[in-house]
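Colleague: I would like to go through some of the labels in this model. Please set each value against its cut-off.

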Amino acid sequence: MRFKVLLIDDEPGALEGMQLWIDWEKLGFEVCGTCTNGAEGLKAIAALSPDLVVTDVNMPLMSGLEMIEEWRKSGNKNISFAIVSGYSEFEYARKAMRYGITHYLLKPVEPEEAALELRKIYSELRHEAEEKQWSEMALMEEQVFLIRQLLEDSPGLEREYPDNLLTLSASREAWNICLIHADPAMYAELRIAAAGLISQGQAMFLIDLALNRLGIVFGYSPDQGQADGVSRVLAELARYTKQRAAAAIGAPEESLLHLVNCYRTAEEALKFKFYDPEYTGVICYASIEDRHFQYHYDPTRLVDNAMEALTLLNTAGYRETVTAEAELFRELLFAPEIVKKAIYHLMYKMKEHMEDSLGKKASDALAKWDFSKLADSALGLNEHLALLLSLGDECIDLLSEEQELKSQGIVQEINEYIREHYRERLTIKKLAKHFYLHPVYLGQLLMKKNGVGFNEWVHNLRIEEASRLLLETKLRNSEIAEQVGYVSYSQFLKQFEKRMGMSPGEYKGRN
């Protein structure tokens with residue numbers, strides 16, 4: 001700890017000697033200025049705000065004691081004084097005792113004697129500074145406690161307040177709060193940085209709030225625009241943390257006692273950061289007070305459509321569903337808590353479906369998705385959308401891999417079943433029901449394996465059998481059509497000509 005000292009003496013040689021022969025730095029001081037009389041000294045004290053003034057007693061224009069008396073009358077900062085005098089002035093110097101001055105240096109100043117006295121002064125100054133620091137910290141803690149109680153009050157509640165809170169409220173013309181919402185992982189770092197930026201005496205108070213939030217309560221004079229100072233603090237916080245944090249300022253109140261109203265409006269403004277892709281700067285309630293959120297939303301469509309796309313392994317359909325719903329959220333301005341609830345509900349449904357379908361394999365693969373931490377995060381809509389799309393891609397990839405493994409054995413079984421039953425009124429729905437598969441997925445499976453769709457595959461088998469019967473039997477064409485599974489002869493004729501390039505009669509005649 002180092003203290004500033006101002007030297008005052010009308011003798012240039014005495015001033016130079018004190019500067020040269022006393023090791024001020026070693027003793028814990030730094031010389032901040034020099035003066036040659038008491039009048040200059042008063043101005044220098046006001047301008048430099050030293051911790052200690054070492055002054056000669058007998059000087060022209062204004063003596064050292066007159067200067068001390070004038071400074072004491074002004075009621076300004078309490079400064080320590082040490083007087084310098086010769087033997088002949090000792091009785092005169094004793095008058096300084098009534099001003100509480102107990103330190104005296106004898107002229108000519110001897111470095112060793114001066115060092116002994118200055119060490120005493122340093123010890124006193126350090127003790128006073130520590131006492132002041134502890135006192136200010138205790139006062140700050142008490143004020144923070146009272147302010148936190150104010151935030152727990154209901155709007156409009158009238159009650160008695162302690163005098164020190166009333167005094168604090170009256171010390172500024174206006175009061176407000178800035179809410180800062182940080183991700184849990186960066187909260188501790190952000191708080192340490194914020195505490196370091198808010199110094200005592202600024203009428204700024206750091207308040208710990210729930211859900212990874214900090215509050216900076218500040219008093220200011222509207223004409224001076226101290227609200228801009230909060231923006232500078234937040235910009236500095238961003239530099240310290242090198243991470244993003246959402247921040248918002250509420251509507252100001254003339255009295256600190258109505259801080260709960262500032263908090264409520266700041267909380268409302270903070271919600272709009274959910275739709276803001278940029279995290280720089282601070283959003284003010286005044287800029288959004290005419291905008292209102294919607295709170296009535298039915299997530300059924302989102303969940304049903306997304307889950308259907310997931311079940312069908314339809315990545316494009318899933319992404320289209322989720323993206324369209326996010327645009328709807330933004331367009332209609334649904335409240336962030338409503339949007340988050342719908343998104344988390346869908347995420348849990350997806351995870352549940354994956355675990356039901358794949359068991360431990362899904363649990364291991366999705367372990368990195370800790371949905372429980374998302375509710376307290378400062379993520380906006382864009383980040384939530386990215387997470388939802390990424391989760392969908394991973395789920396569909398996992399399901400596709402599993403289906404691929406299962407399909408390698410089941411497709412052959414399905415094709416054998418079709419060969420046995422193609423003469424019947426076989427449909428993709430009946431086939432899917434028999435094998436406990438979704439019709440769309442079954443169709444995709446057969447297309448991938450056979451190179452043609454289910455219906456084409458059935459027609460191919462029927463016409464292949466019809467071609468054999470035309471050559472090996474004497475059945476009429478209509479009988480063959482019925483035997484291979486066609487109810488309508490015209491349909492049989494159409495499919496035969498399409499595949500063989502001729503009518504059944506022509507085919508039979510050529511062979």
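Colleague: Where is the place of Asn261?

Modeller: Asn261 sits in helix H10, residues 259-271. Helices are DSSP runs of H or I with at least four residues, strands are runs of E with at least two, and both are numbered from the N terminus. This is a predicted model, in which local features need pLDDT of at least 70, side-chain atom pairs count only at pLDDT 80 or more, and totals for chains, interfaces and linings use all residues. Residues are numbered from 1 along each chain as its sequence is written, and side-chain values use heavy atoms, with hydrogens and water left out.

Colleague: Why does Asn261 count as buried?

Modeller: Its relative accessibility is 18%. Buried means under 20% relative accessible area, exposed means over 50%, and partly exposed is in between, with a 1.4 Å probe and protein chains only. So Asn261 counts as buried.

Colleague: What makes Ser467 buried?

Modeller: Ser467 has 8% relative accessibility, so it counts as buried. Ser467 is in helix H18, residues 454-472. Ser467 touches Phe496, Met500 and Tyr507, leaving aside residues up to four places away in sequence. Contact here means heavy atoms within 4.5 Å.

Colleague: Which backbone oxygen does the side chain of Ser467 reach?

Modeller: That of Ile463, at 2.9 Å. A polar contact is a pair of N or O atoms within 3.5 Å; within protein, one must be able to donate a hydrogen and the other to accept it, and residues adjacent in sequence count only if both atoms are side-chain atoms.

Colleague: What caps the N-terminal end of H3?

Modeller: Asn37 does: a side-chain oxygen lies 3.0 Å from the backbone nitrogen of Ala39.

Colleague: Which residues of H3 are buried?

Modeller: Gly38, Gly41, Ala44 and Ile45. They cover an arc of only 110 degrees around the axis, so they lie on the same side of H3. The arc is that of the directions from the helix axis to the C-beta atoms. The face turned away from the buried side of H3 carries the exposed residues Lys43, Ala46 and Ala47. Among the elements covering the buried residues of H3 are strand S1 (3-8) and H4.

Colleague: How do H3 and H4 pack?

Modeller: H3 (residues 38-48) and H4 (residues 64-74) pack at about 35 degrees, with their axes 9 Å apart. Axes are lines fitted to C-alpha atoms, for helices over the stretch in contact, and angles run from 0 to 180 degrees between N-to-C directions. Gly38, Gly41, Leu42, Ile45 and Ala46 in H3 meet Met67, Glu70 and Trp71 in H4.

Colleague: Which residues of H4 are buried?

Modeller: Gly64, Leu65, Met67, Ile68 and Trp71. Their arc is only 160 degrees around the axis, so they share the same side of H4.

Colleague: Why is Leu61 called exposed?

Modeller: Its relative accessible area is 74%, so Leu61 is exposed. Leu61 lies in the loop between S3 and H4. Leu61 also has a positive phi of about 70 degrees, although it is not a glycine.

Colleague: Is Leu333 buried or exposed?

Modeller: Leu333 is at 10% relative accessibility, so it counts as buried. Leu333 is not a glycine either, yet its phi is positive, about 55 degrees. Most residues other than glycine have a negative phi, and most peptide bonds are trans.

Colleague: Which residues does a cis peptide bond join?

Modeller: Lys107 and Pro108, with omega about -10 degrees. Pro108 is in the loop between strand S5 (103-106) and helix H6 (111-152).
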